Amino acid sequence: MTTPQTVSTTHGGTPTRTGTTLLTGAAFLGGEPRDLAIADGVFVDPSAIDRDAAEVLDASGLVALPGLVDLHAHLRQPGGEQSETVASGVRAAAAGGYTCVFAMANTTPVADTPAVVEQVHRLGLEAGLATVRPIGAVSVGLAGERLADMGMLAGSAARVSVFSDDGHCVADAELMRRALEHAAALGAVIAQHAQDPSLTRGSVMHESPLAAELGLTGWPSAAEAAIVARDAMLAEAAGARLHVCHVSTLETVEVVRAAKARGIAITAEVTPHHLLLTEELVRSYDARYKVNPPLRADRDVRALREALADGTIDIVATDHAPHAPEAKQAAFADAAFGMVGLETALGVVQESMVETGLLDWAGVARVMSTAPAAIGREPGYDAPLEIGSPAHLVLVDPAARRIVEAASLKGRSTNSPFLGVELPGTVLHVWHGGRRTVVDGEIAEMPVQA
Amino acid sequence: MKHLLTAAMQRDEAIALLDLAEDMHQIQDRDVKKLPALRGRTVVNLFFEDSTRTRSSFEIAGKWLSADVINVSGKGSSASKGESLRDTGLTIAAMGVDGVVVRSGSSGAPALLADWVGRPVVNAGDGTHEHPTQALLDAFALRRRIHGADASRGKALDGVRVAIVGDIAHSRVARSNALLLPALGAEVTLVGPPSLLPQPAADGTRLGLRAETSLDTVIAEQPDALMLLRVQLERQAGKVAPSPAEYITGWSLTDERLARLPKAQIMHPGPMNRGLELSSRAADSDASTVLEQVTAGVSVRMAVLYSLLASDQGGSR
């Protein structure tokens with residue numbers, strides 16, 4: 001059963017290893033301390049192992065969480081290697097406590113063919129550190145005109161189960177309807193970037209009195225909520241699953257809540273930055289704060305936190321969007337949209353949700369691991385930390401605080417809105433399928449796998 | 001004052017700047033229009049956007065103060081605009097210039113440039129954000145009309161009622177005036193078609209001010225001054241802007257409306273679209289301050305450059 005030094009490539013190329021590790025005293029999902037044991041890539045019964053032969057790690061004071069799953073990251077490869085690669089992206093992911101990352105389709109070329117998604121899949125296997133799940137494009141070239149070959153993408157070696165034109169809204173209602181129908185037949189989900197393009201021409205920040213004052217073109221809340229309302233109706237009619245990317249407004253929260261009450265198979269995500277930051281930061285005209293959808297108002301931040309706490313919003317997803325410095329060293333309207341987020345997500349969620357009492361650590365495990373894995377159909381995350389489950393594990397020191405610095409970021413780009421900001425929680429150790437990927441906060445370098 | 005990026009300033013600061021502009025204004029009556037104040041100083045007019053009036057006005061202001069004035073057209077491809085803004089700014093700073101006057105199509109660009117270049121920066125208009133020297137010259141011209149040319153010094157605009165009319169949403173002139181005129185005590189009302197008014201706050205104010213959609217309602221209140229903004233219906237708001245006929249019906253200062261305003265000053269930042277924002281009769285009437293505003297522009301810009309760059313003013317040097 002166990003074969004030392006072999007690499008299993010069936011589910012994201014998780015390398016297995018022999019040897020038993022015993023972790024003592026970690027707060028199990030933030031609750032009571034419980035010993036955890038890892039052998040052969042899975043959690044095993046700690047009372048049934050040979051303790052003298054095990055590598056023992058004192059984890060008292062640390063919180064044990066399942067490996068995090070990001071349903072929404074831009075790894076930029078192929079085509080955007082100056083800002084990120086799959087290899088650099090998974091380093092950032094591992095450092096942030098992630099063991100699985102879904103890579104968005106807006107690469108160059110677009111991930112609308114089996115060749116591209118299989119390339120990204122292969123790059124993920126080579127990089128190790130975390131499982132990379134390519135997301136397929138909904139439309140050819142993200143152009144919103146013709147459906148991509150969704151069945152071929154789903155049937156490829158990359159086994160695509162999430163489709164998205166993220167970066168662009170699938171604005172055409174007919175195209176969205178047919179995409180949902182195809183997805184339903186494939187058991188896949190459509191992840192919609194909800195932004196009515198006709199309401200957001202030239203929009204660069206939240207539409208508000210502040211935007212009026214700053215002379216920047218506003219992005220109205222209704223442009224998001226209106227698309228979500230439409231798509232919910234289309235998903236209901238198609239009997240399909242709809243996932244809403246980066247919900248940013250109170251109005252959208254209310255639409256999602258109403259759709260769920262109606263029984264529609266809708267799920268939603270919120271980004272860490274929308275849980276913590278507001279449009280006030282744009283006063284500086286610093287393009288680090290330019291993101292799409294934009295940072296909103298206080299009332300939206302409050303509504304998003306409450307919605308994540310009560311389950312209206314299902315998951316946290318980073319929308320990790322690396323950019324080279326020159327793309328951000330520009331006037332606000334001319335700069336690129338997006339922020340890196342993989343390495344700060346857990347700290348931001350601790351700050352905005354845990355320390356405010358809105359979510360406990362078991363809730364964090366749900367919204368950052370179990371639920372996103374379920375939406376993306378990634379196996380192995382449905383029974384977190386339980387005996388027999390793949391050993392995807394994060395140990396967090398919840399009492400530590402750190403100031404985010406560009407030099408300490410492991411990804412290739414440093415366009416973080418949190419530089420210079422103190423965040424709680426430090427990811428100390430990460431196991432991905434039983435293999436250590438982060439040791440004492442540093443990436444555990446792995447041999448390149450063929 | 002290290003830079004002039006915004007018209008948001010304290011009342012005393014604004015009055016002092018307008019009084020300094022009065023000093024500068026006296027040069028208009030001289031045969032030899034040259035003061036030695038900025039001899040040996042170099043000012044770059046960095047204009048990323050076309051402008052004849054504002055650039056000429058800054059150039060004359062600098063030259064009358066004996067500064068060396070260089071005009072740089074920063075127009076480049078739109079894709080590289082942001083990058084070239086920073087690199088052009090750093091390049092100019094590296095040449096040792098003393099001050100930069102910048103016009104940009106991007107809101108906030110002068111503020112970023114000020115951070116990057118470490119020299120005094122004057123905002124000569126940024127996108128749909130601000131145009132602070134325009135607001136200063138408007139206040140200067142209006143103050144002279146209200147108090148008299150010889151009695152303006154030290155005065156503010158307390159209780160003066162000003163209506164700003166037109167495409168407020170896309171106007172940097174409106175934004176700067178919305179900050180400066182109230183700081184001087186004026187009561188400002190914004191007037192325009194609903195689609196061309198900026199986003200309201202929860203209390204219904206826009207840019208912190210009262211806003212109305214009916215020009216006739218505001219005219220009935222007999223404001224002291226009507227400031228008509230240049231409208232570019234075809235460019236600014238695309239399909240949501242009113243047609244010229246609709247605009248004239250609702251918001252143009254027509255002869256008929258002019259007749260209902262026997263005492264108001266008629267202001268316009270130029271260039272005027274006669275027949276659209278205002279009738280020719282309104283533009284050429286004794287109530288029109290249009291040419292006085294242009295003259296005031298040079299004086300105000302002299303005052304700004306002097307404040308930022310003269311060695312005895314402290315500046316940032």
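Author: B:Tyr247 and B:Trp251 are separated by about one helical turn, because they stand four residues apart in helix 8 (residues 244-251) of chain B, where helices are DSSP runs of H or I with at least four residues and strands are runs of E with at least two, numbered from the N terminus. This is a predicted model, in which local features need pLDDT of at least 70 and side-chain atom pairs count only at pLDDT 80 or more, while totals for chains, interfaces and linings use all residues. Residues are numbered from 1 along each chain as its sequence is written, chains are lettered from A and ligands numbered from 1 in the order in which they are written, and side-chain values use heavy atoms, leaving out hydrogens and water.

Reader: Is the aromatic pair of B:Tyr247 and B:Trp251 stacked, edge-to-face or tilted?

Author: Rings of Phe, Tyr and Trp (its six-membered ring) pair if their centres lie within 6.5 Å, and planes under 30 degrees apart count as stacked, over 60 as edge-to-face and the rest as tilted. For B:Tyr247 and B:Trp251 the centres are 5.9 Å apart and the planes stand at 40 degrees, so the pair is tilted.

Reader: Is B:Trp251 buried or exposed?

Author: Buried means under 20% relative accessible area, exposed over 50% and partly exposed in between, with a 1.4 Å probe and protein chains only. B:Tyr247, at 1% relative accessibility, counts as buried. B:Trp251 has 9% relative accessibility and therefore also counts as buried.

Reader: Which residue in strand 8 of chain A is the bridge partner of A:Phe102?

Author: Two strands pair if DSSP finds at least two bridges between them. Strand 7 (residues 98-103) of chain A, with six of its six residues buried, pairs in the parallel sense over four bridges with strand 8 (residues 131-134) of chain A. In strand 8 of chain A, the partner of A:Phe102 is A:Arg133.

Reader: Which residues touch the most other members of the largest nonpolar core?

Author: A nonpolar core is a set of buried Ala, Val, Leu, Ile, Met, Phe, Trp, Tyr and Cys residues joined through side-chain atoms within 4.5 Å. The largest such core has 102 residues, and those touching the most other members are A:Met368 and A:Leu393.
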